[in-house]
Amino acid sequence: MMLGTHILGSGSVLPGRLVPTSEVCAKAYPHRTPQQLEERTGIASRWWAHPGTTRAEVSAQALDKALAQAKLPAGKLERIIYVDSTGGDRRLPATSNAVAEALGLEGSCDCIDLNNACVGFLSAMDWAARCTATGLGPVAVVTTELWSHVIDPSERRTYAVFGDASVATIFGPARGNSGVVASWLRNDGRLQGSVSCRHAGSTCVPEFVRFQVSGSQIGEEATDAIVRSMHEVLDRAAITFDEVRWVLPHQPNGRMLTTILERIGLDPSRTLPLVREVGSVGAASVPLALDRLIERGDLNAGDLVLLSAVGAGIGFGSILYRAGE
């Protein structure tokens, strides 16, 4: 069933400062050279927010950009869905309330937080499309990951790959035949222990993101899941890979991105590699690539875009989107 929706505007922010892999290597892997670490991760740099930066303020900056591109006043939004993997700025109220406050909104829309790890944007996009298809919109999805707040050199595997980013995507009524052609999202709780960050409010000690199994196991499970989701959603839509113009998979590191493209036999010119420049930005990975496509003017009416992600949970899924006018 087609879910009629159209991306009215998008905007992104890479907060703070650019951190080269040489700096990360010196703190977490002093026995390696930066070249060795870069070759292993496929990451040359990432952005880390300055200390004291809140997710809400970065989110508001990204949403301001998206609203400007959409030529839409903030007061027209019907819903703000805030997405991140680590719980926002506080347990309650929802961080999305602070985003609305930063935009000067008072009782004009509802505000909701959503967490499905690195699949969070796809979950929110599915939700937003169902909203607009049934007459509720515009809906803003703001995906913000400040991993620099929850990583530490003592957990060097996570310290080496994560970066910060915020992306806002505004969905409105369909234009022509634009919309979500098919959506396929799943979670498998048996694999929830691979990547975790416990709640400091429960453990009463500082908590950081941890990889709890080998990198090869994480990579194998994640690649299998994301490739399966791609085939499932294309089968559901009765569409082949050859008919898809752009494939935008989650990019946790350079090696996994390469493996995914090899598994599906995709020409690299049909995707948009970002991980070398920005690192692993969690749920912001897919919408950041989508934002770059829009910014470059490379997303044209009628283009089919395959968006796919996998994350802790284990969550995985794909959405097939047809661009509008």
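Gly-297 follows helix 11 and has a positive phi, near 80°. The model is predicted, and helix 11 covers residues 285–296. Nine of its twelve residues are buried, so helix 11 is largely enclosed by the rest of the structure.

**Helix 11**
- From first C-alpha to last, helix 11 reaches 17 Å, close to the 16 Å expected at 1.5 Å a residue.
- The buried residues of helix 11 run through Ser-285, Val-286, Pro-287, Leu-288, Ala-289, Leu-290, Asp-291, Arg-292 and Leu-293.
- Asp-291 and Arg-292 are among these buried residues, and both count as charged.
- Ser-285, also buried, is one of the residues that line the largest cavity.

**Cavity**
- Rolling a probe the size of a water molecule over the atoms shows where empty space is left.
- One cavity of 30 Å³ or more is found in a search of the whole structure.
- The volume of the largest cavity is about 40 Å³.
- Its lining consists of Gln-251, Leu-274, Val-275, Val-278, Gly-279, Val-281 and Ser-285.
- Four of the lining residues of the largest cavity are nonpolar and three are polar, with no charged residues.

**Second largest pocket**
- The second largest pocket holds about 210 Å³ of space.
- Its lining has 14 residues, and His-6, Ile-7, Ile-294, Gly-324 and Glu-325 lie nearest the centre.
- At least two lining residues come from each of strand 2 (6–13) and helix 3 (55–70).
- Strand 2 gives the most to this lining, with three residues.
- By class, the lining of this pocket has seven nonpolar, four polar and three charged residues.

- In soluble globular proteins, nonpolar side chains tend to be buried together.
- The largest nonpolar core has 44 residues, of which Leu-234, Leu-306, Val-310 and Leu-320 touch the most other members.
- Two or more residues of this core come from each of helix 1 (21–28), strand 9 (179–187), helix 8 (215–237), helix 9 (254–264), strand 13 (304–311) and strand 14 (315–322).
- Helix 8 gives the most to this core, with eight residues.
- Leaving out residues up to four places away in sequence, the contacts of Leu-320 include Val-180, Val-181, Ala-182, Val-233, Leu-234, Leu-304, Val-305 and Leu-306.
- A second, separate core has 38 residues, including Val-139, Val-141, Val-167 and Trp-246.

**Backbone exceptions**
- Most residues other than glycine have a negative phi, and most peptide bonds are trans.
- Gly-137 and Pro-138 are joined by a cis peptide bond with omega of about 5°.
- Pro-138 sits in the loop between helix 5 (120–133) and strand 7 (139–146).
- A cis peptide bond also runs from Gly-313 to Ile-314, with omega near -15°.
- Ile-314 belongs to the loop between strand 13 and strand 14.
- Lys-71, in the loop between helix 3 and strand 5 (79–83), has a positive phi near 55°.
- Ala-117, in the loop between strand 6 (110–114) and helix 5, has a positive phi of about 50°.
- Lys-71 is exposed, with a relative accessible area of 74%, whereas Ala-117 counts as buried at 12% relative accessibility.

Technical notes:
Residues are numbered from 1 along each chain as its sequence is written. This is a predicted model: local features need pLDDT of at least 70, side-chain atom pairs count only at pLDDT 80 or more; totals for chains, interfaces and linings use all residues. Side-chain values use heavy atoms; hydrogens and water are left out. On a 1 Å grid over the protein atoms alone, a cavity is a set of points where a 1.4 Å probe fits but cannot get out, and a pocket is an open set with protein on both sides within 12 Å along at least five of seven lines; lining residues have an atom within 4 Å of a point. Grid points are joined across faces, edges and corners, and a volume is the space filled by probe spheres set on the points. Helices (H or I, at least four residues) and strands (E, at least two) are DSSP runs, numbered from the N terminus. The expected span of a helix is 1.5 Å times one less than its number of residues. Buried means under 20% relative accessible area, exposed over 50%, partly exposed in between (1.4 Å probe, protein chains only). A nonpolar core is a set of buried Ala, Val, Leu, Ile, Met, Phe, Trp, Tyr and Cys residues joined through side-chain atoms within 4.5 Å. Contact means heavy atoms within 4.5 Å.
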